[in-house]
Amino acid sequence: MKAEELRGKTKDQLGDQLIDLRKEQFNLRMQNASGQMTNPARFKAVRREIARIKTRMNEIERTQV
């Protein structure tokens, strides 16, 4: 997801998306531990998407103060 797409979302929407990505990250970790991981590049992509969302959420917090 691009940063421009994140700017159009509310904090609640970002929070929901963050929860979904954390669940996916957990599932990918379990797949990796059991040797069933089919797309190792997805783990890196999920980690970066989480970072983008958290950055945007912090930007929203700073502007509201």
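Guide: Let's start with a term: a residue is buried under 20% relative accessible area, exposed over 50%, and partly exposed in between. Keep in mind that this is a predicted model.

Visitor: How do I use that on Glu 59: is Glu 59 buried, exposed or partly exposed?

Guide: Glu 59 has 24% relative accessibility, so Glu 59 counts as partly exposed. Arg 56 has a relative accessible area of 19%, so that one is buried.

Visitor: Which residue forms a salt bridge with Arg 56?

Guide: The general idea is that side chains of opposite charge can pair when their charged atoms come close. Here Arg 56 pairs with Glu 59, with the closest N and O atoms 3.1 Å apart. The two are three residues apart in helix α3, so about one helical turn separates them. Arg 56 also touches Leu 6, Arg 7 and Leu 14.

Visitor: How many salt bridges are there in total?

Guide: The count is four. One of them joins the side chains of Glu 61 and Lys 11, at 2.0 Å from N to O. Glu 61 sits in helix α3 and Lys 11 in helix α2, so this pair ties together parts 50 residues apart in sequence. Another salt bridge links Glu 24 and Arg 42, at 2.7 Å between the closest N and O atoms.

Visitor: And what makes up the largest nonpolar core?

Guide: In soluble globular proteins, nonpolar side chains tend to be buried together. In this model the largest such core has ten residues, among them Leu 6, Leu 28, Val 46 and Ile 60. Helix α3 gives the largest share, five residues. Leu 28 touches Val 46, and its other contacts include Met 37 and Phe 43.

Methods
Residues are numbered from 1 along each chain as its sequence is written. This is a predicted model: local features need pLDDT of at least 70, side-chain atom pairs count only at pLDDT 80 or more; totals for chains, interfaces and linings use all residues. Side-chain values use heavy atoms; hydrogens and water are left out. A nonpolar core is a set of buried Ala, Val, Leu, Ile, Met, Phe, Trp, Tyr and Cys residues joined through side-chain atoms within 4.5 Å. Buried means under 20% relative accessible area, exposed over 50%, partly exposed in between (1.4 Å probe, protein chains only). Helices (H or I, at least four residues) and strands (E, at least two) are DSSP runs, numbered from the N terminus. Contact means heavy atoms within 4.5 Å. Lists of a residue's contacts leave out its neighbours within four places in sequence.
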